[in-house]
Amino acid sequence: MGMGTSIFVIRWINFISMLLAIAVICFGVWMGTHRDSCRKTLTLPVLGLGLLILVVSLIGLIGACKNISLLLWIYLGLLCLILVAISVFTVLAFIITNNGSGHTTAGLRYKEYQLKDYSSWFLKQLNNTRNWERLKSCVVKSDDCNKLPKKYKTIKQYKAATLTPIEAGCCRPPSECGYPPINASFYDLSFHPIGKNHDCERYRNSRAIKCYNCDSCKAGVAQYMKTEWRVVAIFNIILFVVLLIIYFIGCCARRKAARNRLQKI
C-alpha cells in the first residue's frame, strides 16, 4: 500500500469513526435521561467511549489531512494506549469469566447455577449489599418472573421450558427444595424442604420477593454477566485487530508527513 493510499484510507476511516462517535454520544445522552436506573449506570462509560473515539478520530483526521507530523504522533500514541487497554481488559475478562457453569437437573431442560462456582471478582461484586440492591432492582423491574405464567400456561409447558439463568435462579426455588409447582409462578410451600439450601427458606410466592434474595438469583445474574462479558471480550478482539490495522496505516501516514516536511526544509 502506497503512502498516498494510506493517507486516503486513514481520512475516511476517521471520518466514519467520527460519525460512530456522535451516534454513541447521542445514545449515552438518551440513557442519561431515561428513568430506568439500570441503563443510567452505563451512561458515563458510553459517553466516555464516544468522546474518546471522537477525540482520537479528530486528531487522526486533522493530522492526515494537513500532514502534521505532531498530530499524527499524538494520534498514534493515543491509539497505542487504546490498544493496550483493550488487550488488558480482554485478558482480564476471559480470566474473570473462566469459572462458573450451570448444573443439569433431572427432568429439567435448563440449568441451575450456584454462586460458589464463579470467580472471586463476581462473588465480591454480588455479595456487596449496595451493588446487589441495584442489580436486584433491575431484575425486579425487568418483570421476567411475572411474565412466566403468560409464556407457560400449563405445568407441562413450564417443566419443558428452557429458562434463562435469571429466570431459573430468581423466579423459582432451587430444585433441591422439592417444592411442587402449582403454576409457572406459584409453588406449594407447605412441603418441608428436602435440601439444606438456605434459598429454600428465602423463596416466597410474592411477586415482590420471589427468590430475589437467594444465592441462586445472584448466580443467575453472574451467569448473565459472564455471557455479556464474553460477548464484549470477543468484540474487543475484533476491535483490536481493526485498530491494529488502522495503527499501521497511521504509521505510514506519519512517515509520509515527516518525509514531506524534510523535503520542504
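Guide: The face of α6 turned away from its buried side carries the exposed residues Thr-129, Arg-130 and Lys-141. Buried means under 20% relative accessible area, exposed over 50%, and partly exposed in between, with a 1.4 Å probe and protein chains only. This is a predicted model, in which local features need pLDDT of at least 70, side-chain atom pairs count only at pLDDT 80 or more, and totals for chains, interfaces and linings use all residues. Residues are numbered from 1 along each chain as its sequence is written, and side-chain values use heavy atoms, with hydrogens and water left out.

Visitor: Which residues in α6 are buried?
Guide: They are Asn-131, Trp-132, Leu-135, Lys-136, Cys-138 and Val-139. Seen down the axis of α6, these buried residues fall within an arc of 155 degrees, so they line one face of the helix. The arc is that of the directions from the helix axis to the C-beta atoms.

Visitor: Why do residues three or four places apart point the same way?
Guide: An α-helix has 3.6 residues a turn, so residues at that spacing point the same way.

Visitor: And how many residues does α6 have?
Guide: Helix α6 has 14 residues, 129–142, and reaches 20 Å from its first C-alpha to its last. That is close to the 20 Å expected at 1.5 Å a residue, the expected span being 1.5 Å times one less than the number of residues. Helices (H or I, at least four residues) and strands (E, at least two) are DSSP runs, numbered from the N terminus.

Visitor: What is found at the start of α6?
Guide: A side-chain oxygen of Asn-128 reaches to within 3.1 Å of the backbone nitrogen of Arg-130 there.

Visitor: What about just after α6?
Guide: Asp-143 takes a positive phi of about 65 degrees. Asp-143 lies in the loop between α6 and α7 (144–151) and is partly exposed, at 28% relative accessibility. Lys-210 also has a positive phi, of about 45 degrees, although it is not a glycine. Lys-210 sits in the loop between α10 (199–202) and α11 (215–264) and is buried, at 1% relative accessibility.

Visitor: New topic: how many aromatic pairs are there?
Guide: A search of the whole structure finds 7. Rings of Phe, Tyr and Trp (its six-membered ring) pair if their centres lie within 6.5 Å; planes under 30 degrees apart count as stacked, over 60 as edge-to-face and the rest as tilted. Tyr-152 and Tyr-158 form a tilted pair, 6.3 Å centre to centre with 45 degrees between the planes.

Visitor: Is Tyr-158 buried or exposed?
Guide: Tyr-158 is buried, at 3% relative accessibility.

Technical notes: Polar contact = N/O pair within 3.5 Å; in protein donor to acceptor, adjacent residues only side chain to side chain.
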